[in-house]
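The exercises below ask for a reading of one protein model, from a single side chain up to the whole chain. Each task is followed by a solution in steps.

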Amino acid sequence: MAIALGGLFNHALAAAAAATPNGQALQVVHWWTSAGERKAVDVLVSRLSEENIAWRDAAIPGGAGLGAGKVLKSMVLAGKAPEVTQLNGVIFGEWADLGLLLELDNVATPGGWRKQLFPTVWSLVQNRGHVVAAPLGIHRINNLFYNRKVFARLGLSAPKTWAEFERTAEKLKQAGVIPLAQSSQAWQVATLFETLVLAESGPAYYRSLFVDLAPSAFADARLTHALLRLRALKAWMTAPLKERPWTEVARQLADGDAAMLVMGDWVKGELQAWGQSADLDFACAAVPGTADYHLYSVDTLAMFAGDYSHQPAQEKLAQIAMSPAVQTDYNRLKGAIPVWRAPDLSRMDSCARASWSAFSKGNAAQAPSLVHRMATDEATKDAIVAEVQRYFMDDKMSESDTQRRLASIARTISKTVKQE
């Protein structure tokens with residue numbers, strides 16, 4: 001891993017060196033590298049270019065930003081912080097508290113961001129009364145994608161309950177189709193798991209687990225049930241499971257080798273980039289038990305202050321990110337929904353409208369993704385994700401042992417916070 005990260009770090013530095021010395025240019029570290037993600041990023045690149053500002057790409061491959069986070073820290077420590085970086089979740093506060101992020105109040109205040117943004121998003125980009133990031137879009141993670149042609153051929157409809165899911169999966173298996181596409185990569189396993197926790201319990205209990213880290217919550221029977229379902233779903237996956245990028249898992253769905261996939265709506269953006277149609281090739285439904293809920297992740301861009309020489313260009317990018325046209329076009333290609341409270345619903349497909357409707361219900365319906373950094377800090381997230389993958393891959397591990405391990409993580413974190 002050290003060699004791989006070293007190569008990525010050198011790649012990012014090379015991108016910085018390529019910046020035009022006499023023109024305005026912003027180096028941007030991010031992990032939007034798939035076909036759909038690149039199309040969405042190109043919306044920003046093109047619009048920025050119209051302002052005579054170059055986007056110097058420092059894309060770091062790796063699902064869930066695992067490599068990008070490490071590379072970013074290395075760059076900052078080396079005194080080579082990029083002008084712009086993709087940052088998702090509560091990590092904003094850590095960077096902002098160090099005084100490293102550019103405050104975007106000069107754009108947010110006259111732009112009326114507070115009134116335009118969903119309250120959850122407005123709170124996310126705040127730190128000590130200042131705006132420290134520009135939000136781009138909201139992803140819904142509790143989606144069940146399915147292959148329309150496979151379902152039509154077998155006379156199936158989207159399962160709304162787990163009992164229906166089991167019956168559907170059995171028919172698919174009998175027809176020689178893999179019912180559920182899945183990778184054994186830790187973040188992908190944990191993404192499925194956090195969705196199952198939400199389905200079993202709802203947002204309030206979900207937050208007690210992954211936001212409050214209440215040790216007692218980890219002993220709850222609802223967590224036991226979610227773990228049992230996670231393991232039971234292995235019966236409908238390829239055996240043995242292999243570590244594969246999420247794009248390969250999505251390809252399995254697109255090709256009809258697998259019929260269903262539980263994943264964030266970035267999958268929709270990818271399928272569309274491959275020429276797939278939501279009307280003909282695939283469809284999106286809520287995971288059983290989660291139709292009223294929204295397990296969310298928010299795409300954002302943060303700016304490093306540095307010597308403030310890039311501030312005008314950075315503020316222009318923030319303004320662009322929040323403009324109506326970019327909000328619409330970026331999210332249509334990315335698969336997400338705009339961060340605005342009142343977007344143009346006529347420009348959304350049924351999957352996006354369902355996402356917007358669920359998120360609009362407010363805090364009672366919203367659950368911040370653990371895996372995608374919305375719920376807690378990086379170290380806690382990594383520890384929980386590792387335990388979940390360990391349980392998933394090792395059938396000898398019991399639910400009670402896993403719950404005790406998770407509760408121990410929560411107690412350790414709580415003690416550390418109190419000592420600080």
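A residue counts as buried when its relative accessible area is under 20%, and as exposed when that area is over 50%. The model is predicted.

**Exercise 1.** Determine which residues of helix α16 are buried and what they pack against.

Solution. Step one: helix α16 covers residues 324–334. Step two: applying the cut-off within this helix gives V326, Q327, T328, Y330, N331 and K334 as buried. Step three: these buried residues pack against helices α2 (35–49), α14 (266–273) and α15 (311–321), and against strands β6 (134–140) and β11. Step four: beyond the end of α16 comes G335, with a positive phi near 95°.

**Exercise 2.** Decide whether D299 is buried or exposed, and describe its surroundings.

Solution. Step one: D299 belongs to strand β11, which spans residues 294–303. Step two: its relative accessibility is 3%, so D299 counts as buried. Step three: leaving aside residues up to four places away in sequence, D299 touches W32, Q86, N88, A134, P135, L136, G137, H139, Y330 and K334. Step four: one of these contacts, G137, is 162 residues from D299 in sequence, yet their C-alpha atoms are 5.2 Å apart. Step five: the side chain of D299 makes a polar contact of 2.8 Å with the side chain of Y330. Another polar contact, also listed at 2.8 Å, links the side chains of D299 and K334. Both partners, Y330 and K334, are among the buried residues of α16.

**Exercise 3.** Find how many residues of helix α11 are buried and name elements that cover them.

Solution. Step one: α11 runs over residues 203–210, and seven of its eight residues are buried. Step two: the buried set is P203, Y205, Y206, R207, S208, L209 and F210. Step three: the cover includes helices α10 (186–201), α12 (221–232) and α18 (378–393), together with strands β11 and β12 (366–368).

**Exercise 4.** Examine the backbone at P240, N52 and R373.

Solution. Step one: the peptide bond between A239 and P240 is cis, with omega about -5°. P240 sits in the loop between α12 and α13 (246–255). Step two: N52 is not a glycine but has a positive phi, near 60°. Its location is the loop between α2 and β2 (53–59). With a relative accessible area of 65%, N52 is exposed. Step three: R373, likewise not a glycine, has a positive phi of about 70°. The loop between β12 and α18 holds R373. Its relative accessible area is 7%, so R373 is buried.

**Exercise 5.** Characterise the chain as a whole: which radius of gyration does it have, and what would a compact globule have?

Solution. Step one: the chain contains 19 helices and twelve strands. Step two: a compact globule of 420 residues would have a radius of gyration near 22 Å, and the chain has 21 Å, so the two agree. Step three: along the principal axes, the C-alpha atoms fill a box of roughly 65 × 55 × 45 Å. Step four: 55% of the 420 residues are buried. Step five: of the contacts between residues at least 6 apart in sequence, 78% join residues at least 24 apart. Step seven: the chain has 43 positive and 41 negative charges, whose mean positions are 3 Å apart.

Methods. Residues numbered from 1 in each chain as written. Predicted model: local features only at pLDDT ≥ 70, side-chain atom pairs only at ≥ 80, totals over all residues. Heavy atoms only, no water. Helix = DSSP H or I, 4+ residues; strand = E, 2+ residues; numbered from the N terminus. Rg over C-alpha atoms; globule rule 2.2 N^0.38 Å. Buried < 20%, exposed > 50% of the residue type's maximum accessible area, 1.4 Å probe, protein only. Contact = heavy atoms within 4.5 Å. Lys, Arg positive; Asp, Glu negative; His and termini not counted. Charge placed at Lys NZ, Arg CZ, Asp CG, Glu CD. Polar contact = N/O pair within 3.5 Å; in protein donor to acceptor, adjacent residues only side chain to side chain.
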